[in-house]
Every structure is written in structure tokens, then in C-alpha cells.
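Please review the structure shown here. The briefing that follows treats its surface charge, its salt bridges and one of its helices.

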Amino acid sequence: MLLTIDIGNTNITLGAYDSSILKFTARLATEQKKTSDQYAIEMQSIFSLYGISSEEIEDAIISSVVPSVGKSISDAVAKLCHIVPLMLGPGVKTGLNIKIDNPAQLGADLVAGAVGAIEAYQMPCVVIDMGTASTISVLDKNGTFLGGAIASGVRLTLKALTENTAQLTSIPIEAPKSVIGTNTIECMQSGLVFGTAAMIDGLLERIEENLGEKPTVVATGGLSKEIIKYCKSTIIYNENLLLDGLRAIYDKNN
């Protein structure tokens, strides 16, 4: 069984594959102060929850945008499963042709998402990943990574609003009954949900103009499912896109 782990700034997502079948997914909070032993205990609990023994994990692959946590998780997997995980980074075969100014700067999460999209969808393709940051990756008709856009994530925007204003408080991230809010909470929700949806629609329109053809659009990550419901663009939701990309990358290296 292959263990795939995507480490983001807020969450760590785990998935176990038996061949091409995803047996389970789970999430942990990303905490830089945790030791490898603490992460090992949490992963052992997750394995037990889904009826899987650590001995069944034959190999693992990790993508991380938090280097210190990536090291702790790698050590935890080694202790728990007695294997050395493959860490997505320089020297790892991905099959992805990257055309940005400095390919080494491309985040491991964006690489995994792009590879997952190439494996599953028709090109050209736009990948939207809504986590701590909202990222948009653009792949041309040949699956070449052209670049993209990065915006503040919805939760990060809400945090900035509440921490830097005297009278705005934290709110549930959900759509209000109307885009025209009639109280403070509804006004904030409108700006967060409908505003983010409108931003995505606007960027997708400009990307399509730049590409000269209509791309497949796929979204993944934390709040994507809630936000894309209010987009006017046709967007496919794939919760496990990054994990599927990691499995494909692992296969390319083995």
C-alpha cells in the first residue's frame, strides 16, 4: 500500500492507495512545533481508525510547502512504517514540463496538482487550489505548466479583516441569502464568498483569452467546494487531486 501525504500551511492530507484504489483520506493540523514522535502517534491512530496496519504501508511519497514539518512527517513515517519516504523536490521525476521563469520555485503542491490534472483531464487545463492561499495553475494543450496566479485564501482574508478592524468579528464562511448584505455578517460573507467566486470567474475569463481556447477547469482544496458553487464558470471539483498526482509521480519514479 502506498501512503501519499500533502503538507500544506494549514492542513496535512493523507491518503493510502492499494494499487490505484484510494482506501482512505484523513487530515491533520499542520503544527510546526510538533515532533516526529507526535506525528507518528497521530498517524498510527488514523491507521487504526481505518483498520490498516502500519506494516501494510510499503512505501510513501510526500509533498510539502512547510520544510520543517516535511522533515518531521518523513521521520514519523520512517519510525512507524520502517520505510524512507520519497520527498517531492529536485531530482524527482514528474514528467511535468515547467515553463515559468525559475522552475525550481514551483511549489510541490502545485506540481502534484498539475500532474494529477494531466493524468485525469483534457488539456489545456486550469487547476484552482483553495487553501491558505488561492492558487491558479495554467497548463497548455500539451500539458506544459505556463504559470498562474496567487491570491489570498478566504480564511486568510477573513483573518486580516477581523484582526485589523475594531468592529468586524469572525464569521462562518458561507454564502448569505443575497449578494447585497443587510447586516455586517452578511456583508462580510458576501465579500468573502461571492467576491472570491467573482475573482475566479474574472481570472478564468482572462486566462481563456490568453490561451485562445476554453480550458478544462478543476478545483481542489479546503474551501473550493463551497466557493465554486457560486462561480459562473464550469468547474469540476476533485477533492483528491493532489493525492492522485502524488501517486502518479510515485509511479513515474518506480
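**Briefing on charge, pairing and burial**

Glu-58 lies in the loop that runs between helix H1 (36–49) and strand E4 (59–64); helices (H or I, at least four residues) and strands (E, at least two) are DSSP runs, numbered from the N terminus. This is a predicted model, in which local features need pLDDT of at least 70 and side-chain atom pairs count only at pLDDT 80 or more, while totals for chains, interfaces and linings use all residues. Residues are numbered from 1 along each chain as its sequence is written, and side-chain values use heavy atoms, with hydrogens and water left out.

**Surface charge**
- Glu-58 is exposed, at a relative accessible area of 60% (buried means under 20%, exposed over 50%, partly exposed in between; 1.4 Å probe, protein chains only).
- A surface patch of negative charge gathers Asp-18, Glu-55, Glu-56 and Glu-58 (residues with over 30% relative accessible area and no salt bridge, like charges being joined within 9 Å).

**Salt bridges**
- The structure holds nine salt bridges (a side-chain nitrogen of Lys or Arg within 4 Å of a carboxyl oxygen of Asp or Glu).
- Lys-71 pairs with Asp-75, their closest N and O atoms being 2.7 Å apart; the two are four residues apart in helix H2 (residues 67–81), about one helical turn.
- Glu-186 and Lys-177 form a salt bridge at 2.6 Å between the closest N and O atoms; Glu-186 is buried at 12%, whereas Lys-177 is exposed at 70%.

**Helix H3**
- Of the 13 residues of H3, 10 are buried, so the helix is largely enclosed by the rest of the structure.
- Among the buried residues of H3 are Asp-109, Leu-110 and Val-111.

Note on methods:
Patches are made of residues with over 30% relative accessible area and no salt bridge: like charges are joined within 9 Å, nonpolar side chains (Val, Leu, Ile, Met, Phe, Trp, Tyr) within 5 Å. Accessible areas come from the Shrake-Rupley method with a 1.4 Å probe; for residues, only the protein chains shown count as cover. Lys and Arg count as positive and Asp and Glu as negative; His and the chain ends are not counted. The place of a charge is taken as NZ of Lys, CZ of Arg, CG of Asp or CD of Glu.
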